[in-house]
Amino acid sequence: MTAIKELQTRFAIPDPHFGPVPFWWWSGEEVTEERIRWQLQKFREGGLRNIGIIHLAPTGPQYGSCGDSPVFMSDDWWVLFEVALREAERLGMRLWFYDQIGFSGANELARLVASNPEFSGYHLRRYLPEEELPEGAQLLLETQAYRYAAVRQGFNWLDPHASAAMLDRVHGEMERRFPNDLGKTIAGSFQDELPPLPLWSPDVPIRYAELFGEDVITLLPALFDDEPGADEVRRRVYRIAAELAEQALFIPLGNWHRKYGMLIGCDQAGPARRVDLHAAQRLYLDYFRTHRWYNAPGADMEGEIKPHSSMVHLNGGTRVWLEAFHSSGWGGTFEETMHWLIPFLQAGVTLFSPHAVYYSTRGGWWEWAPPDTGWRQPYFEHYGIFADTVSRVCSLLSVGSHVCDIAVHYPSYAVVGYLSLDDIKPREHPMAASNRDPNKKVAHLREVYLEVTGTVNRRDTAMRPGVLRSRHLDFDVVDDSILQQADVQNGRLAISNEAFSVLVLCGTTIMDAEASRQVNRMLEQGGLVIGVMVPEVEKSSLPGAIFVQTAEEMAAIIEERLPKRVEGPGMSLQRSTDEADVFLLLPEDGKLLRMHQPADESTMLLDRAEYRLLTSGVPELWDPVSGRMEPIPYIREGEWIRVEAGFSDWPAALIVCPFRTAADVTRIPEGLKEAVSQPLAMRFPAQPGEWPVNAGRTILLEENWRVRVESTLDNRYGDFDLHSTQRGIMPPERRVMQVRTERDGDSGIGNGWHLPAYDDSDWDERLWSESVYWHVYKGDSFQPSEAKPLVYSNIFGDLAFRSWAGRMGRVPRRYLHLGDAVKGETVWAHTHAVAPKAGRYGVRVESNAEIIGWVNDCPIAWSGGPEEKTAWIDLKEGPNMFLIKAEALSNGLIRAGFEINETLSESLPKWLYVSNPNPNASLQKSLTIPAGSKGPEGPACIRGKGPSCPRGEWRTCFGARRL
């Protein structure tokens with residue numbers, strides 16, 4: 001346990017290891033040694049001490065971004081990684097690496113399978129007698145109705161040899177190249193969206209026979225059909241597969257990091273990041289069992305933190321990972337970010353990875369799920385204050401043990417008994433099946449669990465606050481593997497350093513035998529077990545348990561039987577060491593900014609709030625922004641104290657209560673006072689003070705004031721203006737302006753449009769390169785007087801055309817946004833093109849609509865189609881009128897691209913597709929390869945995921961991969 005003096009030291013002098021860990025996208029532009037060193041120095045100057053290296057397109061174009069250069073894990077890449085490593089070492093920074101196995105993967109799994117076919121995974125499928133088995137499938141069982149086979153597909157994560165070979169590709173190479181840096185300058189690694197794990201391998205029937213004395217091959221129909229006893233067979237198979245995955249992958253991965261004193265964080269795929277009862281097991285067999293080997297598990301802000309923090313609390317983990325707040329857009333501030341972060345800290349986060357920092361923005365053209373939170377931001381000179389605040393909070397919330405009385409059972413064991421392999425359609429990715437309810441039993445268990453626990457993520461928090469959270473009752477989540485570890489003492493579940501007085505069951509009493517025995521022991525000793533919406537037929541398995549029909553009834557019983565540890569208007573988190581209680585107190589419910597919500601004129605300062613704390617300690621307010629630790633007034637009420645918490649320095653309050661009387665409390669040592677005051681003097685020239693109530697007043701400045709604009713934007717690498725010859729610090733620029741078009745008879749100068757006092761509040765706001773280039777009308781014939789202006793940028797194209805993740809450095813070719821239309825509707829677009837001289841020009845149009853066109857009232861004789869058409873036309877010198885007619889070929893948005901040149905370039909590459917995609921759709925192309933040649937290499941670009949077979953070697957591709 002941690003002594004109070006050690007806590008004071010760690011708080012006064014923030015440990016950078018607990019600071020933010022943004023990931024640094026080496027994407028968008030070629031990575032060079034010079035820019036690596038320069039950017040690391042910029043990061044360090046701003047107070048950033050930890051950074052991870054990650055790629056969006058590690059081996060080829062992906063997610064709309066060009067391929068990264070150099071290619072991930074190429075010789076050139078390793079050279080640059082070492083450059084970053086040595087510079088980080090020199091600057092006192094620490095690096096993290098990303099394994100590039102899952103999201104934005106480097107296709108290493110497919111390469112391993114190509115060179116080692118025995119590493120291919122096994123997936124159980126069944127076929128009608130007349131159906132042909134896929135090539136390489138192993139027939140396991142034949143019945144009158146079906147043939148059951150193991151189909152080779154994907155990667156065999158259940159095979160220790162295959163998993164070891166995969167880990168050796170990245171982790172092993174790190175170990176060989178940088179053995180003396182692991183656990184020192186290299187602090188940890190991150191895993192994002194691990195591919196789904198298979199349920200089958202040749203070892204499954206062997207283990208089944210050893211454990212249960214039966215041949216599971218004869219029981220294969222139970223994995224598909226809801227026959228008697230099927231649920232038990234499924235639970236056994238899932239448990240065996242999960243244990244095989246543990247032994248092959250998760251334990252070696254966890255042990256490798258622990259050996260070097262490194263952390264490993266994660267954010268897994270789809271609904272599994274929320275530890276969804278169905279998806280987490282569908283994709284990862286047994287989420288709690290497999291992921292307990294990560295010492296810093298977690299999720300991004302789309303996921304759920306409470307189950308991950310419970311894994312850490314109860315399985316001996318170290319930290320709790322949060323990657324956030326990607327896709328919140330540009331313009332967020334530190335203050336807003338802290339508002340968004342606070343609920344996750346209350347849920348248990350102690351390792352914050354702000355998304356993200358970019359190696360390049362290509363003058364604002366490249367972004368990935370923005371914002372970039374690094375040196376390009378105007379607030380970055382204050383990043384050190386933010387980083388120190390995060391360091392102090394995460395460090396303090398990592399000490400001691402979590403304190404709560406309620407354990408909520410996670411019924412994954414029950415759920416897998418209701419999962420059929422028929423839930424996955426033929427050739428469907430498991431992710432698709434995991435996003436829908438397979439049956440009413442699974443849906444019931446999920447609904448009850450979420451009604452009890454609620455959610456803390458970007459999408460669901462407002463819809464699902466959860467009864468326990470709504471009543472400010474803190475809890476941990478326990479699965480069967482955690483219950484198995486419990487020591488039942490006086491009716492309480494003692495697990496790790498926590499003790500639970502209440503166990504809440506969510507919709508079922510079904511659990512494995514050892515977990516059930518532990519719960520029955522708890523009941524025999526007078527413990528409180530409450531089942532919510534449990535079917536009548538299951539209640540007899542836990543005599544003495546209380547069964548209720550609603551989560552509200554459950555919470556009412558808990559509040560009647562147990563005193564709360566914290567009473568107040570907001571949520572709280574309590575941790576305890578052997579010398580102090582630590583409380584994180586949140587403001588009144590609903591007062592924090594919602595996630596990704598910006599502050600505006602209506603945003604108010606947070607009100608002070610009164611709390612009652614169950615503690616024998618003497619309260620002190622520890623301010624993580626400044627590092628100050630000060631006693632606060634309180635009233636002792638028996639075992640409780642009453643305090644008032646303020647939220648003026650940051651949007652929460654840290655109350656630390658040392659276990660001593662007021663007269664014996666040791667004040668912060670003088671040396672630590674100096675350690676706190678010196679950085680404060682640098683960052684806060686004026687000492688922060690309390691804002692007096694009702695003391696604000698307005699002062700009108702009567703004298704003339706001069707304002708000097710001082711630019712801080714360093715454009716030496718074109719991050720703010722790619723085409724400018726101005727390198728270094730840019731001069732001030734205005735890029736958004738108010739616009740109004742002079743009509744016939746208008747005189748902007750005469751009307752005083754240029755004068756400062758002119759009211760332009762009703763003018764259009766435009767980016768510097770935007771203008772009205774076309775006019776558009778929907779109807780049977782073009783009506784010029786009713787046509788609407790079409791605005792786009794002649795530099796960036798249609799700024800409205802942007803995916804959730806950004807532009808990725810590309811201007812959309814189809815920059816004409818012609819609006820939504822139903823099939824058969826007509827949209828007209830009209831413009832003038834100015835030709836430098838009279839002559840013959842080539843014109844190209846591409847669209848998802850049928851295009852007819854006229855130039856100077858003459859029809860254009862197109863060739864080609866349907867998506868791309870070209871023609872040669874005669875233009876006169878000066879303006880030429882163009883009119884195009886777009887007829888919708890299907891319902892939806894019509895987009896088009898239009899270009900005129902003196903010559904026509906080569907035709908655009910064509911995407912090959914079928915009108916009705918189906919599992920049997922395929923494409924074959926024969927190439928003649930010269931004798932002695934290895935054959936061609938190039939990217940395979942696939943929308944979604946699909947197998948390819950170059951040179952007879954099957955490989956799975958997602959997005960774009962080099963083959």
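W705 counts as exposed, because its relative accessibility is 62%; here exposed means over 50% relative accessible area, buried under 20% and partly exposed in between, with a 1.4 Å probe and protein chains only. This tryptophan sits in the loop between helix 20 (670–683) and strand 31 (736–739). Helices (H or I, at least four residues) and strands (E, at least two) are DSSP runs, numbered from the N terminus. Together with I699 and L701, W705 makes a nonpolar surface patch of about 400 Å². To join such a patch, a residue needs over 30% relative accessible area and no salt bridge, and nonpolar side chains (Val, Leu, Ile, Met, Phe, Trp, Tyr) are linked within 5 Å, like charges within 9 Å. A salt bridge puts a side-chain nitrogen of Lys or Arg within 4 Å of a carboxyl oxygen of Asp or Glu.

A word on the model itself: it is predicted, with local features needing pLDDT of at least 70 and side-chain atom pairs counting only at pLDDT 80 or more, while totals for chains, interfaces and linings use all residues. Residues are numbered from 1 along each chain as its sequence is written, and side-chain values use heavy atoms, leaving out hydrogens and water.

Zooming out, the protein chain has 20 helices and 45 strands. Its radius of gyration is 32 Å, close to the 30 Å that the globule rule gives for 963 residues, so the chain is as compact as a globular protein of that length. That radius is taken over C-alpha atoms, and the rule is 2.2 Å times the number of residues to the power 0.38. Of the 963 residues, 54% count as buried. The accessible surface comes to about 44,400 Å², and 51% of it belongs to carbon and sulfur atoms; such areas come from the Shrake-Rupley method with a 1.4 Å probe, and for residues only the protein chains shown count as cover.

Inside, the largest nonpolar core has 212 residues, with W24, W26, F43, W200, L345, M554 and W650 having the most contacts within it. A core is a set of buried Ala, Val, Leu, Ile, Met, Phe, Trp, Tyr and Cys residues joined through side-chain atoms within 4.5 Å. Helix 7 (residues 230–259) gives this core its largest share, 13 residues. A second, separate core of 30 residues includes A829, A849, F882 and I894.

F288, in helix 9 (residues 287–291), is buried, with a relative accessible area of 1%. Beyond four places in sequence, its contacts (heavy atoms within 4.5 Å) are V275, P307, M311, Y410, V477, D479 and I482.
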